[in-house]
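Please open the model in your viewer and keep the sequence panel beside it, so that each selection can be followed by number.

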Amino acid sequence: MSETTGASYASAGVDIEAGDRAVELMKEWVKKTQRPEVLGGLGGFAGLFDASALKRYERPLLASATDGVGTKVDIARQMGVYDTIGHDLVAMVMDDIVVCGAEPLFMTDYICVGKVHPERVAAIVKGIAEGCVLAGCALVGGETAEHPGLLGADDFDVAGAGTGVVEYDRLLGADRIRTGDAVIAMASSGLHSNGYSLVRHVVFDRAGMTLDQQVEELGRTLGEELLEPTKIYSLDCLALTRTTDVHAFSHITGGGLAANLARVIPDGLHATVDRSTWAPGAIFDLVGKAGQVERLELEKTLNMGVGMMAVVPAESVDVALATLADRGVESWVAGEITERGAHTTGAELVGDYAK
């Protein structure tokens with residue numbers, strides 16, 4: 001009689017020991033994100049946040065958001081750089097939350113891999129933890145899932161969910177916006193984490209470029225440009241709400257500048273953004289020319305150099321710009337709010353970009 005070996009989780013491709021080692025490696029980074037309201041540590045079935053901290057609010061509203069970083073993860077995989085993609089994840093989640101004026105409180109992450117490489121997973125979590133510190137929130141837990149057979153050994157994806165809180169009477173949005181308000185643009189750090197399916201198609205498939213290719217107009221390699229982390233504006237936006245009367249924010253992500261700004265413009269009003277007030281970074285010009293991408297297509301896919309916008313009263317502009325400058329955020333007046341005409345939509349770009 002022949003002797004057979006029974007199936008096991010390991011023989012199916014899941015390495016529990018590697019997962020345990022990854023948890024141990026990431027603990028030091030998660031600890032750096034802790035806020036006083038966080039109870040316990042990694043290893044529990046749920047992250048705990050002391051909600052009694054919300055008693056100082058008269059009518060606290062919880063804000064939540066979830067997101068990922070799209071196909072930018074493939075750039076990280078190809079370059080073998082895993083400790084920046086977490087910044088992108090935190091930015092995508094927490095910069096959505098701060099748009100309504102909410103203070104980021106805590107976040108959880110989900111990392112899905114084809115095979116657990118403990119140091120690689122720990123590097124991803126390191127980036128998420130560093131992003132949480134920049135956003136002022138705690139990383140209270142997460143999940144690392146190994147999916148052999150569905151993902152290649154080096155493939156991975158990340159997603160996250162976050163929670164914030166805002167006082168009801170300080171909630172920002174369309175109902176606060178008035179005619180004559182100014183639209184302030186905050187510079188992006190590059191492509192951020194949107195439009196990479198288009199970008200990858202253009203630079204790799206159409207232009208035949210490589211990640212290690214030095215690009216003169218970028219001043220670095222293509223890979224370094226594409227992996228530039230998304231700027232996290234959360235604490236900058238909160239600082240703005242403390243120094244001046246902010247009416248609304250708009251996080252410029254998928255869909256582009258006009259479409260995202262239109263989401264916070266009320267019926268009857270119109271936002272006009274003047275392209276001549278800034279020059280998009282070189283990467284946007286490169287993608288446009290290399291792929292022969294029309295300007296309108298670029299603008300509805302990429303952020304064109306603007307990662308966040310604030311709508312403030314005209315008399316608050318100087319204070320707003322000074323606040324952002326003090327925090328190292330490049331910003332400028334890019335447009336204004338007017339009455340909506342018969343043939344206008346919520347927001348539009350006019351003019352030509354500065355050179």
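A pocket, as the word is used here, is an open set of grid points where a 1.4 Å probe fits, with protein on both sides within 12 Å along at least five of seven lines. In this predicted model, the second largest pocket holds about 340 Å³ of space. Select Pro280, Asp285, Met304, Tyr353 and Lys355, which lie nearest the centre of that pocket among the 14 residues that line it. Next colour helix 9 (282-291), which gives the most to this lining, with 4 residues.

Trp278 sits in the loop between strand 11 and helix 9, whereas Tyr353 belongs to the segment after strand 14, 75 residues apart.

Now move to helix 2 (residues 72-79), where Lys72, Val73, Asp74, Ile75 and Ala76 are buried. Which elements do the buried residues of helix 2 pack against? They meet helix 3, strand 6, helix 5 and helix 6. Just after helix 2, select glycine 80, which takes a positive phi of about 70°.

Finally, select tyrosine 82, which is buried at a relative accessible area of 10%, together with phenylalanine 156, buried at 8%.

Methods:
Residues are numbered from 1 along each chain as its sequence is written. This is a predicted model: local features need pLDDT of at least 70, side-chain atom pairs count only at pLDDT 80 or more; totals for chains, interfaces and linings use all residues. Side-chain values use heavy atoms; hydrogens and water are left out. Buried means under 20% relative accessible area, exposed over 50%, partly exposed in between (1.4 Å probe, protein chains only). Helices (H or I, at least four residues) and strands (E, at least two) are DSSP runs, numbered from the N terminus. Contact means heavy atoms within 4.5 Å. On a 1 Å grid over the protein atoms alone, a cavity is a set of points where a 1.4 Å probe fits but cannot get out, and a pocket is an open set with protein on both sides within 12 Å along at least five of seven lines; lining residues have an atom within 4 Å of a point. Grid points are joined across faces, edges and corners, and a volume is the space filled by probe spheres set on the points.
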